[in-house]
Amino acid sequence: MALELKNLYDDFRDGETIKAYAEIIAKDAKKLKNPINIMEVCGGHTHTIMKFGLPQLMPDNINFIHGPGCPVCIMPKERIDHAYILAMQPDVILVTLGDMIKVPGSHGSLQDARAKGADVRFVYSPMECIKIAQDNLNKKVIFFAIGFETTTPMTAVLVEQVIKQKIPNILFHINHVTVPEVMVELIDSRDVHVDSYNNRIDAFLGPSHVSVISGSKIYDKFPKDYGRPVVVSGFEPVDVMQGISMIVKQFIEERCELEIQYKRVVNHEGNLNAQKLIDTYFEKIDLFRWRGLGNVPESGLKLKDEFAFLDAEVVYKNVLPLAEIEDHKLCICGDILRGMAKPPECTIFGTVCKPTTPIGSCMVSSEGACAAYYKYGNLL
Amino acid sequence: MTKTITIAHGNGGAENNELIQKIFYKHFANDILSKSEDAAVIEDGRLAFTTDSFTVSPLFFSGGDIGKLAVCGTCNDLAMMGAKPKYITCSVIIEEGFSTRDLEKIVKSMKNELEINGAIVVSGDTKVVPRGSVDKLFINTTGIGEIEHKNISASALTEGMSILVSRDVGTHGATIFAAREGIELESSLKTDCASLYPQVKALMDANIKIIALRDATRGGVSAVLNEWARSSDVCIEIKEENIPVQEEVKGICEMLGFEAIDLANEGTFILAVDKEDELHALDVLQKTHVTSAIIGTVTALYKGKVLLNSSWGTKRFLDLPTGELLPRIC
């Protein structure tokens with residue numbers, strides 16, 4: 001039998017299975033000594049949790065905390081301004097992925113740039129840039145690359161092809177970031193308002209697609225060095241419910257381990273070819289500024305110096321400002337991303353700050369915690 | 001309102017509503033327009049009158065083309081007011097360099113669809129503009145229909161009524177996405193693009209009392225249900241598992257991060273009837289599409305809202321789609 005898309009999700013949304021897991025979790029949770037707060041690192045998980053109403057199935061002593069893993073949400077305003085400024089340059093076609101077009105910078109979003117006449121296009125795969133470049137030889141195609149470990153290999157493949165095929169008119173603006181470094185930052189988070197460590201992260205639900213590339217090994221240190229269990233979990237509701245159940249069981253049995261729920265694709269080592277490809281073209285940068293979270297050491301990537309001729313940040317350095325732009329004063333996205341607050345605790349949530357007029361990072365993409373609360377959980 | 005118009009202002013969802021309310025309704029306000037129905041009811045309720053423009057890309061797609069859409073769209077707006085489509089105008093704006101062969105194919109396709117509705121084109125206009133001024137071809141159609149079932153209205157829903165959908169949802173939107181450059185999916189999916197008057201006539205002939213009727217075009221089923229909940233100040237409760245969606249549509253939604261109920265349809269309508277009419281209405285609808293279904297009921301739980309109930313006991317609100325429909329990143 002040929003594998004159809006249906007096989008990839010159908011059983012993983014089965015109502016009876018979800019209910020059965022809810023019962024197991026409720027039964028097990030009675031044995032917990034303390035409540036547990038589970039951070040889903042990835043915005044995809046946040047989206048699933050809210051869309052399928054999973055918090056409604058959780059007992060009182062199990063709580064979801066929403067992590068920073070949305071590539072669009074974490075983009076600081078100054079880098080969105082880069083995209084906007086590059087798009088407005090003469091003879092430039094700015095290409096990026098889906099949701100990025102909607103995020104507002106200080107001049108507006110890429111959607112606004114397009115309305116003002118800029119040539120902004122979104123693609124489903126970075127490789128589409130090659131055709132755009134070949135069809136527009138008199139223009140520069142700049143790929144504004146975003147995303148975590150999941151999308152980085154696709155950008156690396158495009159870099160490789162541009163070099164191999166000697167394509168003269170594709171440049172890159174690299175905004176790839178990495179998950180483990182920001183998890184460390186979150187564990188070490190200090191609440192600046194009261195000068196104490198008060199984040200409440202007891203365990204992590206790790207995103208499966210990141211580990212398809214990087215393997216589960218990137219989380220080895222969290223149980224070992226930080227005392228936080230990690231379960232690498234898929235994105236369907238049954239996957240998430242099973243992942244939660246596995247975390248609860250670890251607490252009952254007083255274990256603290258790295259486990260894989262999504263065994264159907266993820267292993268400890270990951271995709272070594274993809275990792276090699278990334279290492280060929282990219283290197284870590286000392287600091288990457290995350291919207292809402294600030295500078296996080298070694299959490300971002302850049303093109304290696306030998307490929308600087310492909311780097312739009314180098315080629316267009318004269319027009320790209322370097323100054324950091326702070327978030328709106330009333331926005332508490334930083335606290336939300338650190339697990340210190342929930343979206344409805346923000347005074348501008350759902351009033352000034354809405355998906356159509358986002359102020360903070362968590363509202364800008366459909367995968368942000370605030371956007372998910374607004375869309376799926378605003379009253380229930 | 002934002003200072004400039006973006007693609008999102010044409011999405012059939014929240015931004016589109018804002019644009020219409022704050023610019024067009026503000027200046028054009030009158031009693032007929034403010035009813036905000038699919039077609040204006042004029043001449044003491046005898047006639048329905050509507051207009052629509054079509055700017056789809058690609059022009060030809062599986063199961064239809066822009067010409068078929070241009071006739072279906074306007075005729076369906078009339079049918080949704082219980083009117084039989086009669087007279088249509090056809091206005092085209094053509095980009096310099098467009099193939100006459102393709103133009104004739106499109107006009108022939110319009111003729112076929114007019115025959116299904118029993119309508120005729122009685123007036124038209126042609127403009128040709130320099131290359132780059134429009135994307136190949138835009139068509140506007142305006143239609144007049146004779147009302148055969150009076151008092152169909154989005155504001156007439158009351159507690160206890162049933163909500164039905166005429167067939168599986170989201171196929172048009174999914175077909176267009178699958179055909180777009182950059183995706184090029186292999187798919188046997190066909191648009192649902194079709195004239196709805198024959199189905200509406202079948203409901204009327206079966207003496208079904210139609211309370212509300214609306215084709216779920218841009219903004220999809222979500223937009224229609226939200227508009228009804230707001231217009232009638234009721235809660236519409238939907239059983240998510242009862243919404244019919246083809247497997248291929250589900251697959252495309254999974255890949256791109258969409259929900260089928262947000263996707264555009266061109267031959268699918270939502271129907272509200274009294275509870276006692278629901279099975280009879282379902283029977284009539286299923287003669288055309290076996291996938292038609294009873295999807296929900298009108299209650300007073302959260303007035304002005306649409307509530308989606310899952311098969312595992314959770315609830316969430318179904319919102320109006322917002323923004324440009326863009327694929328998720330991961």
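In the predicted model, the contact between the two chains draws 46 residues from chain A and 36 residues from chain B. About 3,600 Å² is buried between chain A and chain B, and carbon and sulfur atoms account for 60% of this area. Polar contact between the chains was found for five residue pairs, with both residues at pLDDT 80 or more. The number of salt bridges between chain A and chain B is zero.

On the side of chain A that touches chain B, at least two residues each come from helix 1 (5-9), helix 2 (15-29), helix 3 (43-51), helix 5 (110-115), helix 6 (128-135) and helix 16 (369-376) of chain A. By residue class, this side of chain A comprises 21 nonpolar, twelve polar and 13 charged residues.

Within chain B, strand 7 (residues 137-147) pairs with strand 2 (residues 47-54) in the antiparallel sense, over eight bridges. In this pairing, B:L47 lies opposite B:E146 of strand 7 of chain B. Strand 7 of chain B is also joined to strand 5 (residues 83-95) of chain B, through eleven bridges, and these two strands likewise run antiparallel. Here B:Y87 is placed opposite B:I144 of strand 7 of chain B.

Methods: Residues are numbered from 1 along each chain as its sequence is written. Chains are lettered from A and ligands numbered from 1 in the order in which they are written. This is a predicted model: local features need pLDDT of at least 70, side-chain atom pairs count only at pLDDT 80 or more; totals for chains, interfaces and linings use all residues. Side-chain values use heavy atoms; hydrogens and water are left out. Contact means heavy atoms within 4.5 Å. Buried area is the accessible area (1.4 Å probe) that two parts lose on being put together, summed over both. A salt bridge is a side-chain nitrogen of Lys or Arg within 4 Å of a carboxyl oxygen of Asp or Glu. A polar contact is a pair of N or O atoms within 3.5 Å; within protein, one must be able to donate a hydrogen and the other to accept it, and residues adjacent in sequence count only if both atoms are side-chain atoms. Helices (H or I, at least four residues) and strands (E, at least two) are DSSP runs, numbered from the N terminus. Ala, Val, Leu, Ile, Met, Phe, Trp, Tyr, Cys and Pro count as nonpolar, Asp, Glu, Lys and Arg as charged, and the others, Gly among them, as polar. Two strands pair if DSSP finds at least two bridges between them.
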